[in-house]
Amino acid sequence: MRNVAVVGFAQRQMKEFDGSPTMVELLVPLFAELYEQTGFTRKDIGFWCSGSSDYLAGRSFSFVSAVDAIGALPPVNESHVEMDAAWALYEAWLKIQTGEIDTALVYGFGKSSAGTLRRTLALQLDPYTMTPLWPDTVSLAGLQARLGLEAGLWDEKAMAEVALRSLSDAERNEYAVRSGGSSIDDLLARPLYADPLRKHDCAPVTDGAAAIILAADDRASDASETPAWITGFAHNIDPLHLGARDLTRAPSAAAAGSAAGVEGVEVAELHAPFSHQELILREELGLGANVKINPSGGALTSNPMFSAGLIRIGEAAAAISRGDAGRTLGHATAGPLLQQNLVCVMEGAH
Amino acid sequence: MGKQGNHKQLAAVIGVGQTHHRAKREDVSMAGLCREAIDRALEDAGLTFDEIDAIVVGKAPDLFEGVMMPELYLAEALGAAGKPLLRVHTAGSVGGSTAIVAASLVQSGVHKRVLTVAYEKQSESNAMWALSVPVPFIMPVHAGAGGYFAPHVRSYIRRSGAPTHIGAMVAAKDRQNALKNPYAHLQNKDTTVESVLASQMLWDPIRYDETCPSSDGACALVISDEATASSVENPAWIHATAMRSEMTTAAERDQVNPQAGRDAAAYLYKQAGITDPFNEIDAVEMYVPFSWFEPMWLENLGFAEEGSGWKLTEGGVTAMDGALPVNCSGGVLSSNPIGASGMLRFAEAALQARGRAGDHQVDGVRRALGHAYGGGSQFFAMWIVGADKPA
């Protein structure tokens with residue numbers, strides 16, 4: 001396999017929806033930021049890949065106008081996944097592994113404010129048997145949290161601890177749309193939102209975009225003094241049907257973690273849009289108490305759809321670039337209740 | 001650190017499956033439609049789900065069926081549960097780019113046997129509605145695909161001086177070819193150049209019989225590594241793949257002969273070691289949803305000089321018994337399950353290279369080209385497959 005590294009990362013998240021920019025407006029400055037970080041120009045990019053969703057935008061072909069942000073004349077080598085851009089990063093990594101290209105720019109974007117997110121996401125269920133009942137995302141997550149509570153796998157205090165740590169850590173993240181730690185007692189005194197979930201147990205609805213540049217071998221060393229080398233990259237999916245799986249588990253996360261090789265990671269950026277889902281992921285990935293989880297604040301403090309997973313990888317890479325850790329993990333999830341999971345493990349100089 | 005250079009592993013198509021395409025497949029769900037193609041592809045490859053390492057799914061916009069990211073719901077039916085699954089979406093070129101992504105899973109050395117499927121079940125929603133949702137700040141076209149492409153065709157006719165019956169010749173040829181393909185949606189025995197010219201004018205100069213149908217259908221491929229492919233009969237070796245995109249809104253775009261298509265073809269031929277595509281490629285499956293795109297793409301793909309693609313069509317060169325047979329399966333003009341249409345082109349090219357195209361097989365095919373495009377001709381995906389291992 002070729003040595004491939006994350007050499008650039010940029011993100012934007014919108015706290016306010018009014019006047020929230022179009023995705024082209026959001027992406028153009030992100031690309032400029034990446035060129036600045038790496039010294040690359042558009043011509044240095046061998047492959048472009050994006051992740052987004054038509055249903056989030058409420059229209060067909062939502063990625064088409066995003067290509068305009070590249071300025072794609074002359075034409076570019078380009079592809080798109082209808083998934084979180086973490087999977088676009090995987091496609092780009094594969095492409096680099098074929099040897100056909102050495103560099104790739106991957107971007108994800110989503111404007112959750114274009115609709116009512118929890119209702120839109122009900123369209124991800126089985127169209128013949130489940131969607132007609134319109135079970136929304138937050139209610140489904142409430143069922144999952146309740147199952148874990150009743151099975152004694154976690155308690156409300158453990159959920160509040162996740163939220164408190166995330167909100168406190170987010171105070172140091174200029175992009176977080178929610179932050180501010182208080183205390184476990186304060187959090188547990190807040191009203192229930194979707195029993196047993198409180199609002200701080202649920203990711204905020206966020207507009208945003210993110211982009212990463214990957215480069216192989218010498219191109220990576222040229223572009224960055226502190227490349228985050230990818231040592232393991234894998235993803236996996238579970239069945240969707242809620243009656244066909246143990247909702248307190250995420251076997252696909254365990255499989256992806258095992259294939260990527262998570263032992264020895266010091267920092268893990270987990271894409272957990274609900275506090276109890278972080279508890280499930282820590283268990284499935286076998287992350288011990290010494291692993292620092294979500295120092296960025298994680299998805300509970302900002303969760304732009306279709307780039308939140310890519311942002312986890314970007315944050316995990318940034319932890320290496322800053323010298324905070326030598327080996328880190330970025331995780332992305334998609335589908336109802338942690339159905340699909342991806343793990344990217346990175347290391348500093350080698 | 002590893003050295004730079006070509007790390008590409010060989011890959012081949014070892015299984016091909018497709019559904020019977022019809023306007024409405026009321027006998028199957030989306031999952032059932034995909035399984036019909038997948039089961040045929042696995043049987044053709046002599047493999048079971050247990051032997052598949054990863055799955056890649058492609059389809060055109062989710063609004064065509066009204067399900068957001070349907071691959072999540074389809075995971076079990078596609079045999080993907082417990083495995084990696086990717087979902088590709090690149091407009092009308094998606095069937096082709098999905099096959100290319102599946103190929104890269106093998107070419108990267110990450111997986112040995114990959115299943116890929118592309119589908120569209122248009123009858124479960126309304127494609128015209130799905131394409132017509134008003135978008136803020138963007139001028140609505142309100143024209144449908146035919147209305148969008150008609151000015152391109154008109155411009156082609158003006159630039160090339162092509163006689164106006166060329167489109168009808170393509171339509172008559174492809175519909176006659178479809179009669180040899182048991183999976184094709186349209187099976188119109190009486191289609192002739194005259195009957196096409198007598199059909200209703202829809203978007204001048206495009207007549208009703210020069211347009212593609214709306215179909216429910218799916219296509220699946222099994223793509224394997226060199227070791228697996230060497231142990232099966234007649235694999236179609238992947239010699240080259242290419243994807244290119246250009247932006248939608250730019251005054252300098254040539255929408256009749258887009259640069260993205262020309263660039264993709266040039267890169268494809270370079271990879272495959274082809275210097276004279278007309279003489280070195282034996283069969284072409286080209287994405288022709290409106291008949292005039294055959295002469296236009298003949299030029300874009302470098303089979304003819306600019307302005308002279310129509311002469312190949314008029315001279316019978318692209319007929320099944322011509323020097324460069326195009327769309328022997330009946331093409332998109334005879335079956336158009338949008339998300340699958342590009343993969344069908346790639347699959348039919350593989351069948352030709354394997355000598356397994358049945359009644360529409362061209363004798364002696366060693367190398368075949370599969371081609372797809374999408375959007376407003378901004379997105380291109382193509383591959384060349386061959387009977388022999390790449391040199």
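**Figure 1. Burial and overall dimensions of chain B.** In this predicted model, 64% of the 391 residues in chain B are buried. The chain contains 14 helices and 11 strands. Its radius of gyration is 20 Å, close to the 21 Å from the globule rule for 391 residues, so chain B is as compact as a globular protein of that length. Taken along the principal axes, the C-alpha atoms of chain B fill a box of roughly 55 × 45 × 45 Å. Among contacts in chain B with a separation of 6 or more, 79% join residues 24 or more positions apart.

**Figure 2. Surface and charge of chain B.** The accessible surface of chain B is about 13200 Å², and carbon and sulfur atoms account for 51% of it. There are 32 positive and 43 negative side chains in chain B, with the centres of the two sets 2 Å apart.

**Figure 3. Overall view of chain A.** Chain A is built with 12 helices and 12 strands. Its radius of gyration of 19 Å agrees with the value near 20 Å that a compact globule of 350 residues would have. The C-alpha trace of chain A spans about 55 × 45 × 35 Å along its principal axes. Of the 350 residues in chain A, 67% count as buried. Of the contacts in chain A with a separation of 6 or more, 77% are between residues 24 or more positions apart. Chain A exposes about 11500 Å², with 50% supplied by carbon and sulfur atoms. Its side chains include 26 positive and 43 negative ones, and the centres of these two sets lie 3 Å apart.

**Figure 4. Strands S2 and S3 of chain A.** Strand S2 (residues 47–51) pairs with S3(A) in the parallel sense over 4 bridges. Across this pairing, Ser50(A) stands opposite His80(A) in S3(A). In strand S3 (residues 78–81) of chain A, Glu78(A) and His80(A) point one way, while Ser79(A) and Val81(A) point the other way. All of these S3(A) residues are buried. In a regular strand, side chains alternate between the two faces of the sheet.

Figure 5. Helix H11 (residues 275–285) of chain A is mostly covered, with 9 of its 11 residues buried. The buried residues of H11(A) include the run Ser275(A), His276(A), Gln277(A), Glu278(A), Leu279(A), Ile280(A) and Leu281(A). Glu284(A) and Leu285(A) are also buried. Gly286(A) follows H11(A) and has a positive phi, near 65°.

**Figure 6. Lys157 in helix H7 of chain A.** Lys157(A) is located in helix H7 (residues 156–169) of chain A. Its relative accessibility is 44%, so Lys157(A) counts as partly exposed. Leaving aside residues up to four places away in sequence, Lys157(A) touches Ile184(A) and Leu188(A). The C-alpha atoms of Lys157(A) and Tyr193(A) are separated by 16 Å, with the two residues 36 apart along the chain.

Figure 7. Tyr90(A) belongs to helix H4 (residues 85–97) of chain A. At 2% relative accessibility it is under the 20% cut-off, and Tyr90(A) therefore counts as buried. Not counting residues up to four places away in sequence, Tyr90(A) touches Phe233(A), Ala234(A), His235(A) and Leu342(A), as well as Leu86(B), Leu105(B), Val110(B) and His111(B). Tyr90(A) and Ser302(A) are 212 residues apart in sequence, and their C-alpha atoms are 22 Å apart.

Terms used: Residues are numbered from 1 along each chain as its sequence is written. Chains are lettered from A and ligands numbered from 1 in the order in which they are written. This is a predicted model: local features need pLDDT of at least 70, side-chain atom pairs count only at pLDDT 80 or more; totals for chains, interfaces and linings use all residues. Side-chain values use heavy atoms; hydrogens and water are left out. Helices (H or I, at least four residues) and strands (E, at least two) are DSSP runs, numbered from the N terminus. The radius of gyration is taken over C-alpha atoms; the globule rule is 2.2 Å times the number of residues to the power 0.38. Buried means under 20% relative accessible area, exposed over 50%, partly exposed in between (1.4 Å probe, protein chains only). Contact means heavy atoms within 4.5 Å. Accessible areas come from the Shrake-Rupley method with a 1.4 Å probe; for residues, only the protein chains shown count as cover. Lys and Arg count as positive and Asp and Glu as negative; His and the chain ends are not counted. The place of a charge is taken as NZ of Lys, CZ of Arg, CG of Asp or CD of Glu. Two strands pair if DSSP finds at least two bridges between them.
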